Amino acid sequence: MSRLKGGAPLDAARELDALLHHRMRLGLVSALAAAEALSFNDLKALLETSDGNLSVHARKLEDAGYLTCSKTFENRRPRTDYRLTARGRQALGRYLGHMEAIIRRARDTLGH
Amino acid sequence: MSSTPSAAPDRTPAALHERALADLQFIRRTMEGAAAFTTLSGAGLVAIGLSALGAGFLAGSSPGPAWLRVWVAEAVLAIAVGVTGTVWKTRAARLPILAGPLRKFGLALAAPSLAGAVLTIALALQGSYVLLPGVWLLLYGSGLLAGGTFSIGLVPVMGGCFMALGVAASLLPLSVGPLAMVAGFGGLHIVFGVLVARGHGG
């Protein structure tokens, strides 16, 4: 890989969504792309993270309009559910496209 | 599932290529993991529970050949309902039927189910029908506990409840067995089915 030449992958990298370039936020968006809605506890278990970490990153995605959050009560206990918005789904689609472009260009450069 | 943030970004082409591959694998793994939270059909569990209540009523409280026939028929029906419900919900979520966690869940449940089938034949041949409720509840519960590792947290809890009923059916007076069957395969499926349906989209 060290013999890669040219700047094409770097161009694609510059277009990457900085929000989704973080693993936790990428995990949140990916999980919600596969499920209609997931609770805070489901996401915490799935991503193997802490309450605080999940809250911080979910809030950033919510502020960007990628997620919606709804708070309800279940048996008198608070319950938080997250859903991916159309904007979040589009962002994940774009991110996937960029990842695939980086891989494709790297392979082209290597002559594969 | 590792979800730690990246270290200081290395933007050489080689690093970007590696990172892109790792990200795509991470996205796939995460989506498969999330699928496990959505593909278990709560409505299917409720349907299984209701049919088990009917089977319990038909089978009566005296384990014997006729009792066994009713419960074997119920087991076949329950498998059909469970598979149909899961396939329907998985397709509705536009996910692959044999995604990793679903496949692992099925395999974890298949081993104790096979053991249960063999033990059923062996115990029926010896006429030891009264031992069957404890065996079935314990094996089904152990399968749910193992398979629950790849599913939502409610599944291993349900497995634990089935095992507790299995212990009761095995160690308490033998008349408890048929009642434990109805409480487990009927009651627990309905209760947990409702919880799954309410908390995980149907």
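A residue is taken as buried if 20 or more other C-beta atoms lie within 10 Å of its own, with C-beta atoms placed from the backbone. By this criterion, 45% of the 202 residues of chain B count as buried in the structure described here, which is a predicted model. Chain B has seven helices and zero strands, so that, as helices and strands are assigned from DSSP runs, its order along the sequence reads α-α-α-α-α-α-α. Among the contacts in chain B between residues at least 6 apart in sequence, 74% join residues that are at least 24 apart.

Confidence was examined for chain A, where the pLDDT averages 82 and 81% of the residues score at least 70. Where pLDDT is low, the predicted coordinates should not be read in detail.

Helix H4(A) comprises 13 residues and reaches 18 Å from its first C-alpha to its last, which is close to the 18 Å expected at 1.5 Å a residue. Its residues A:Leu54, A:His57, A:Ala58 and A:Leu61 are buried. Viewed down the axis of H4(A), the buried residues fall within an arc of 100°, and they therefore line one face of the helix. On the other side of H4(A), the residues A:Gly52, A:Arg59 and A:Asp63 are exposed. The backbone on either side of this helix was also considered. A:Glu48, in the loop between helix H3 (40-47) and H4 of chain A, has a positive phi of about 50° although it is not a glycine. Most residues other than glycine have a negative phi. A:Glu48 counts as exposed because it has 12 C-beta neighbours inside 10 Å, the limit for exposure being 12 or fewer. H4(A) is followed by A:Gly65, whose phi is likewise positive, near 85°.

In chain B, the 16 residues of helix H5 (residues 132-147) should span 22 Å at 1.5 Å a residue, and the end C-alpha atoms are 22 Å apart, in agreement with that expectation. H5(B) is mostly covered, with 14 of its 16 residues buried. The largest nonpolar core contains 35 residues, of which B:Leu137, B:Met158 and B:Phe162 touch the most other members. Helix H2 (42-59), helix H3 (65-92), H5, H6 and helix H7 (176-199) of chain B each supply at least two residues of this core. Apart from this core lies another, of 31 residues, among them A:Ala34, A:Ala58, A:Tyr66 and B:Ile27.

The surroundings of two residues illustrate the packing in chain B. Leaving aside neighbours within four places in sequence, B:Leu137 is in contact with B:Phe162, B:Leu165, B:Gly166, B:Ala169, B:Ala180 and B:Gly184. B:Ala169, placed in helix H6 (residues 154-171) of chain B, is buried, since 28 other C-beta atoms lie within 10 Å. Not counting residues up to four places away in sequence, B:Ala169 touches B:Pro133, B:Gly134, B:Leu137, B:Val176, B:Gly177 and B:Ala180. The C-alpha atoms of B:Ala169 and B:Met181, which are 12 residues apart along the chain, are separated by 8.3 Å.

Notes. Residues numbered from 1 in each chain as written. Chains lettered and ligands numbered in written order. Predicted model: local features only at pLDDT ≥ 70, side-chain atom pairs only at ≥ 80, totals over all residues. pLDDT = per-residue confidence, 0-100. Helix = DSSP H or I, 4+ residues; strand = E, 2+ residues; numbered from the N terminus. Expected span 1.5 Å × (residues − 1). Arc of directions from axis to C-beta. Contact = placed C-beta atoms within 7 Å. Core = buried A, V, L, I, M, F, W, Y, C linked by C-beta atoms within 7 Å.
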